[in-house]
Amino acid sequence: MDKLEVKASLSVTDAGEITGTAWPFGEPDTAGDLIVKGAFNFVSNELPILFQHNVADLIGTWTDAAETNDGLVVKGKLHMDQPRARTVLGMIKSGLVSGLSIGFKTKSSTQQGRNRVIAALDLYEISVVRNPAHPRARITGAKNYDAALAAADLIKRFTATLKS
């Protein structure tokens, strides 16, 4: 693999369903890499979710990956039958782990000033990581999920008072 880069926002549910943006388009990372829309070649229909790029630490599977105008959007499922996946879920929800990082091999790139513009790559895996290099590579979903549950509870209680 050429590089392991961190570029993401991520959300997760208690059931281990995980979604995020694995690479936001439009700005380079701290290493100066800029991946353009149309660059991603998926080497598999189901990419592994690793923890910290450790191939021995498979914690889930990305079942959907698609390029949008905003970036590479992914959806997957943590293997909740595995103790390690449950541990990582807890780290995500607590905010200890807060990013995604992609493992890829560059197929085509050009240099543009200090930035490497990547036009084609093979994507091998997307990892959940603790220290993302990209400023927008933060997990926000665990807190948002908790807030959504609180809002749903509030709405439920409010509508119950309307029926009374």
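How many helices and strands does the secondary structure of the protein chain come to? The count is 2 helices and 11 strands, where helices (H or I, at least four residues) and strands (E, at least two) are DSSP runs numbered from the N terminus. Along the sequence they run β-β-β-β-β-β-β-β-α-β-β-β-α.

This is a predicted model, so to speak of local features takes pLDDT of at least 70 and side-chain atom pairs count only at pLDDT 80 or more, while totals for chains, interfaces and linings use all residues. Residues are numbered from 1 along each chain as its sequence is written, and side-chain values use heavy atoms, with hydrogens and water left out.

Here are some values for the protein chain.

| Item | Value |
|---|---|
| Buried share of the 164 residues | 42% |
| Carbon and sulfur share of the accessible surface | 54% |

Buried means under 20% relative accessible area (1.4 Å probe, protein chains only).

Now for helix H1, residues 83-94. Its 12 residues reach 17 Å from first C-alpha to last, close to the 16 Å expected at 1.5 Å a residue (the expected span is 1.5 Å times one less than the number of residues). Ala85, Val88, Leu89, Met91 and Ile92 are buried in H1. They cover an arc of only 165 degrees around the axis, so they sit on the same side of H1; the arc is that of the directions from the helix axis to the C-beta atoms. After H1 comes Gly95, with a positive phi near 90 degrees.

Over in strand S4 (residues 33-35) there's Asp33, which counts as buried at 2% relative accessibility.

Definitions and conventions. Buried means under 20% relative accessible area, exposed over 50%, partly exposed in between (1.4 Å probe, protein chains only). Accessible areas come from the Shrake-Rupley method with a 1.4 Å probe; for residues, only the protein chains shown count as cover.
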